[in-house]
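Colleague: I would like to learn how to read a helix against the rest of a fold. Please take me through an example.

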Amino acid sequence: MIELKKIILYDNDPVLRKHSTDLDVDNIKPEEQDLIDLMVKYIDVCYNDEAEKYGIKPGIAVASNQVGLFKKVVYVHFKINDTEYKYLIANPKITAYSYAIAYLADGEGCLSVENKHEGIVPRRARIIVKAYDLINKKEITIDASGMLAICLQHEIDHLSGILYYDYINKEDPMFAKPE
Ligand SMILES: [Zn+2]
């Protein structure tokens, strides 16, 4: 059994701040595919409620640099109200976003962050993402709102070395724009 616990890099490692480059989707190297498979495995274990069994922190999504792959890949897999959201995408780009802001009332969490960072993380309420779908092997456009929009922004930020707590207002962590 792979030790899933050990694959995640933590934010005390400055390498998480490094910018990832595009994945060559027509020429994925075996070592890149291995890391992508691990990302999927980790989040699917959580999706199947087996995080405890594997001794890992539960999560709904992961970015490739969190497992040491510095080519842009994001995997999202969660369910809300019987709707399953599952995306394994490469080279995602946010091409449009709403002015309206959304945030999780309890703040965000991250597989790579062990210390608590309380506070509001303002996100765009709705985004359009263009990416390469690694499951169906084609370019796709995702029109995301709600949890999916927040989740995708969190993961796409990782690829630019940005962590969620970078956005928390230092003077007033619970500050949220009225919009
Ligand atoms: Zn994260």
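Modeller: The protein has three helices and seven strands, where helices (H or I, at least four residues) and strands (E, at least two) are DSSP runs numbered from the N terminus. This is a predicted model: local features need pLDDT of at least 70, side-chain atom pairs count only at pLDDT 80 or more, and totals for chains, interfaces and linings use all residues. Residues are numbered from 1 along each chain as its sequence is written.

Colleague: In what order do the elements run from the N terminus on?

Modeller: The order is α-α-β-β-β-β-β-β-β-α.

Colleague: What span does helix α1 reach, from its first C-alpha to its last?

Modeller: The expected span is 1.5 Å times one less than the number of residues. Helix α1 (residues 30-47) has 18 residues and reaches 25 Å, close to the expected 26 Å.

Colleague: Which residues of α1 are buried?

Modeller: A residue is buried if 20 or more other C-beta atoms lie within 10 Å of its own, exposed if 12 or fewer, and partly exposed in between, with C-beta atoms placed from the backbone. In α1 the buried ones are Leu35, Ile36, Leu38, Met39, Tyr42, Ile43 and Cys46. Seen down the axis of α1, they fall within an arc of 155 degrees (taken from the directions from the helix axis to the C-beta atoms), so they line one face of the helix.

Colleague: Which exposed residues does the face turned away carry?

Modeller: That face of α1 carries Pro30, Gln33, Asp34 and Asp37.
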